[in-house]
Amino acid sequence: MDDLKIIQLTSDQWEDYKNLRLKALKDSPEAFGESYDQVLLRTDDLWRMMLSQSIDNRKRWVFFAKLNGESVGMVSGQAMESVEGGVKVREMFILEKARR
């Protein structure tokens, strides 16, 4: 039986986020507003900061799907100021091998 968990990564796990985001851009470049090459230029500190913000500020969230310990998916959302309680989905991706 597969072990599927939905979690928030800590800023110390920024490499998991970076690796999955780059896989998403390789798999479906047309689905995102930036290119693989643009994202590749981000510094390690920026990746850490992005995850820290998703945990600390409560206006942006990033959740990850872990299947048997491997990061296989992610979804991020941002609070909508124009709609009370509204959240805009900013990115969503699941590795092909984890799609059902």
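**Around S71**

Reply: Not counting residues up to four places away in sequence, S71 touches D16, L20, A65, K66 and L95, where contact means heavy atoms within 4.5 Å. Bear in mind that this is a predicted model, so local features need pLDDT of at least 70 and side-chain atom pairs count only at pLDDT 80 or more, while totals for chains, interfaces and linings use all residues. Residues are numbered from 1 along each chain as its sequence is written, and side-chain values use heavy atoms, with hydrogens and water left out.

S71 sits in strand β3; helices (H or I, at least four residues) and strands (E, at least two) are DSSP runs, numbered from the N terminus. Its relative accessible area is 13%, so S71 is buried. Here buried is under 20% relative accessible area, exposed is over 50%, and partly exposed is in between, with a 1.4 Å probe and protein chains only.

Now for one of those neighbours. The side chains of S71 and K66 are joined by a polar contact of 3.3 Å. That term covers a pair of N or O atoms within 3.5 Å; within protein, one must be able to donate a hydrogen and the other to accept it, and residues adjacent in sequence count only if both atoms are side-chain atoms. K66 belongs to strand β2 and counts as buried because its relative accessibility is 14%. Setting aside neighbours within four places in sequence, K66 is in contact with D3, L4, K5, I7, L9, D16 and S71. D3 is 63 residues away from K66 in sequence, yet their C-alpha atoms are 7.9 Å apart in space.

L20, another S71 contact, brings us to α1, where the buried residues are W14, Y17, K18, L20, R21, L22, A24 and L25. Among the elements covering them are α2 (36-40), α3, β2, β3 and β4 (87-94). The length of α1 checks out too: its 14 residues should span 20 Å at 1.5 Å a residue, and its end C-alpha atoms are 20 Å apart, which agrees. The expected span is 1.5 Å times one less than the number of residues.

How does α1 meet α3? Their axes come within 9 Å and cross at roughly 100°. Axes are lines fitted to C-alpha atoms, for helices over the stretch in contact, and angles run from 0 to 180 degrees between N-to-C directions. The two helices are therefore roughly perpendicular, a label for 65 to 115 degrees; under 35 is roughly parallel, over 145 roughly antiparallel, and the rest oblique. W14, Y17, K18 and R21 of α1 make this contact with D44, W47, R48, M50 and L51 of α3.

Y17 also features in the largest nonpolar core, which has 21 residues; Y17, F64, M74 and F93 have the most contacts inside it. Such a core is a set of buried Ala, Val, Leu, Ile, Met, Phe, Trp, Tyr and Cys residues joined through side-chain atoms within 4.5 Å. Two or more residues each come from α1 (14-27), α3 (44-56), β2 (60-67) and β3 (70-79), and α1 gives the most, with six.
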